[in-house]
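Q: Could we go through this structure together? I would like to begin with one of the helices.

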Amino acid sequence: MEEQTKKPAKTWQIVSGVLAIAIVVMTCLYFFAPLSKQAAEPQTTAAQSADKETDADALSLWTQSAPLKKELVEYMKAITTEGSKDFIPVENRIAVFDMDGTLCCETDPGYFDHKLLYHRVMEDPGYKDKASEAEKETAAIIKTYFESGEYPEGLDIKHGTAVATAFKGMTIGEFDKYVKDYRNQPMEGYNNMTNGEAFYRPMLQVIDFLQANDFKVYIVSGTDRLITRGLAEGTVNIPLSQMIGSDESLVASNQGKEDSLDYTYSKEDEVITGGEFLIKNLKMNKVAVIQQEIGVQPVLSFGNSSGDAAMANFVLDENPYKSAAFMLCCDDTERENGNPEKAEKMRKTCEENGYTAISMKNDWTTIYGENVTKK
């Protein structure tokens, strides 16, 4: 009887031990499983929040109501998500930007390259007495444009021709230095800003945002290519090879009048400006140069005038990838020399053609920075 009593007792001890262990395990699961879940969930949420904050910070100089800000953030999520129907391979992420009036000021009192030529012909003590009659005539037309704000018909070709002749014979380095010296001159209508600092900060943010998402960005400008590079270098964060503009001839320093097909560049030569205007990079010429130099249909276009419409249409036309075109409307008359009538005309153009309008007045928290003011 004694042995029979001990066996059940021993069995009960074993069962009790197993139950005790089970209770401990269940207790641990009860308390720690939710903690593990809680620990995992905030990590995912934090990552998602970080993405949202990154997008917001990347375009922090744009108001929350700005159409571009909303569209570009949504666009980027769609085209960078692998497996998405809108995914764009990195090699096809190409964006093209006009420069004057899109990236930088063109209203103080006019285009940078026009101000540069006027300075060369009418103010530069080392050249003004050597300027040709044709160059002086062009400078006089430029002055009327500055005063009226209306761009005269035919000035684009006259200006391109005068730029080529007025800077003829300069080495690339000399021309670049001349442009950079002038870009360091103060803006006429603003305090605390030089010509070279007159870039729109919200638009530079867009370039940074695109590059952060593996976009290759090009400037495709109507300004002379060498002047474009001299003005934008160091401010727009893209290499010189991605800055395209109007073209003038380039020759070898010892070439003389010999045709370039007959002349071989020698070790004693330098590349100099040849004095011949070749092409104005506006309208269809922008489309042609994109095909010739980039070779890939861009998916994003940014401009501000009718000279950029062809580029915008090319980007939107039968593009195999999700594409968009944006046009800047110069409607801010307090922080910039805005033109409401011109801005409204561009807005209507955007509605008719499927472009997204950008309002300087309503979409930007700043233009040049808080320390810059209009005189």
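A: Let us start with helix H7, residues 201-212. Its twelve residues should span 16 Å at 1.5 Å a residue, and the end C-alpha atoms are 17 Å apart, which agrees. The expected span is 1.5 Å times one less than the number of residues. Helices (H or I, at least four residues) and strands (E, at least two) are DSSP runs, numbered from the N terminus.

Q: What kind of model is this, and how are residues numbered?
A: This is a predicted model, in which local features need pLDDT of at least 70 and side-chain atom pairs count only at pLDDT 80 or more, while totals for chains, interfaces and linings use all residues. Residues are numbered from 1 along each chain as its sequence is written, and side-chain values use heavy atoms, with hydrogens and water left out.

Q: Which residues of H7 are buried?
A: They are Pro202, Met203, Leu204, Gln205, Val206, Ile207, Phe209 and Leu210. Buried means under 20% relative accessible area, exposed over 50%, and partly exposed in between (1.4 Å probe, protein chains only).

Q: Where do Glu106 and Lys342 lie?
A: Glu106 is in the loop between strand S1 (94-97) and helix H3 (112-123), and Lys342 is in helix H11 (residues 340-353), so the pair ties together parts 236 residues apart in sequence. Glu106 counts as buried because its relative accessibility is 9%, whereas Lys342 is partly exposed at 38%.

Q: Which side chain does Glu293 meet in a salt bridge?
A: Glu293 meets Arg225, at 2.7 Å from N to O. This pair links helix H9 (residues 284-293), which holds Glu293, to helix H8 (residues 225-232), which holds Arg225; the two residues are 68 apart.

Q: And how many disulfides are there?
A: The structure holds zero disulfides, a disulfide being a pair of cysteine sulfur atoms within 2.5 Å. For Cys330, the nearest cysteine sulfur is that of Cys329, 7.5 Å away. For Cys350, the nearest is also that of Cys329, 5.0 Å away.

Q: Is Cys350 buried or exposed?
A: Cys350 counts as buried because its relative accessibility is 2%.

Key: Salt bridge = Lys/Arg side-chain N within 4 Å of Asp/Glu carboxyl O.
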